Amino acid sequence: QVQLVESGGGLVQPGGSLRLSCAASGSIFSINAMGWFRQAPGNERELVATITTDGSTNYADSVKGRFTISRDNAKNTVYLQMNSLKPEDTVVYYCYCNARARLGSGPRDYWGQGTQVTVSS
């Protein structure tokens, strides 16, 4: 099994910055894509940003130019640098990865427990 542990959420004023981190651990043979999703109460989970093993990135239109995703493959860790934060960015952020737990196993999706980001003055 692959476990994802997020850190870095919290309270920030509008216009401020936060950096989220997520480390994958456990039984890991290989990790493909990693990324971040977010979900507001009553809404579906939505893509924020993803990054492949070779560094190709994909962003939601709502965060382009403000958020930057990166990863450290040696540490099995993905980061989300969030700048120019807005009140509408206030939701729970979930770390994601698509990984193989062992040789011969198929890839599957794994999720972190979520970290709250609150943007408020």
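## A walk through an all-strand chain

Let's begin at a turn: S5 and S6 form a hairpin with five residues between them. Click on Gly-55 in that turn, and you will find a positive phi of about 95 degrees. Keep in mind as you go that you are looking at a predicted model.

**Stop 1: along S5 and S6.** Select residues 57-59 to highlight strand S6, which is joined to S5 by three bridges in the antiparallel sense. Now show Ala-49 and Tyr-59 together: Ala-49 stands opposite Tyr-59 in S6.

**Stop 2: the other partner of S5.** Next, select residues 30-39 for strand S4 and residues 46-51 for strand S5. These two strands run antiparallel, and five bridges join them.

**Stop 3: the four-stranded sheet.** Now colour S1, S3, S8 and S7, which lie in that order in an open sheet with antiparallel pairing. Strand S1 (2-7) and strand S7 (67-72) stand at the edges; each has a single partner strand, so one side of each is left without a neighbour in the sheet. Look at how the strands sit against each other: ignoring direction, neighbours in this sheet are turned by 15 degrees on average.

Zoom in on S7 and on strand S8, residues 77-82. Six bridges pair them in the antiparallel sense. Select Arg-71, and opposite it in S8 you will find Val-78.

**Stop 4: zoom out.** Show the whole chain as a cartoon. How many helices and strands does it contain? There are zero helices and eleven strands. The radius of gyration is 14 Å, close to the 14 Å that the globule rule gives for 121 residues, so the chain is as compact as a globular protein of that length. Along its principal axes, the C-alpha trace spans about 50 × 30 × 20 Å.

The chain exposes about 6,200 Å², of which carbon and sulfur atoms supply 47%. Of the 121 residues, 42% are buried.

Conventions: Residues numbered from 1 in each chain as written. Predicted model: local features only at pLDDT ≥ 70, side-chain atom pairs only at ≥ 80, totals over all residues. Heavy atoms only, no water. Pairing = 2+ DSSP bridges. Axes fitted to C-alpha atoms, helices over the stretch in contact; angles between N-to-C directions. Rg over C-alpha atoms; globule rule 2.2 N^0.38 Å. Buried < 20%, exposed > 50% of the residue type's maximum accessible area, 1.4 Å probe, protein only. Areas by Shrake-Rupley, 256 points an atom, 1.4 Å probe, with all protein chains shown as cover.
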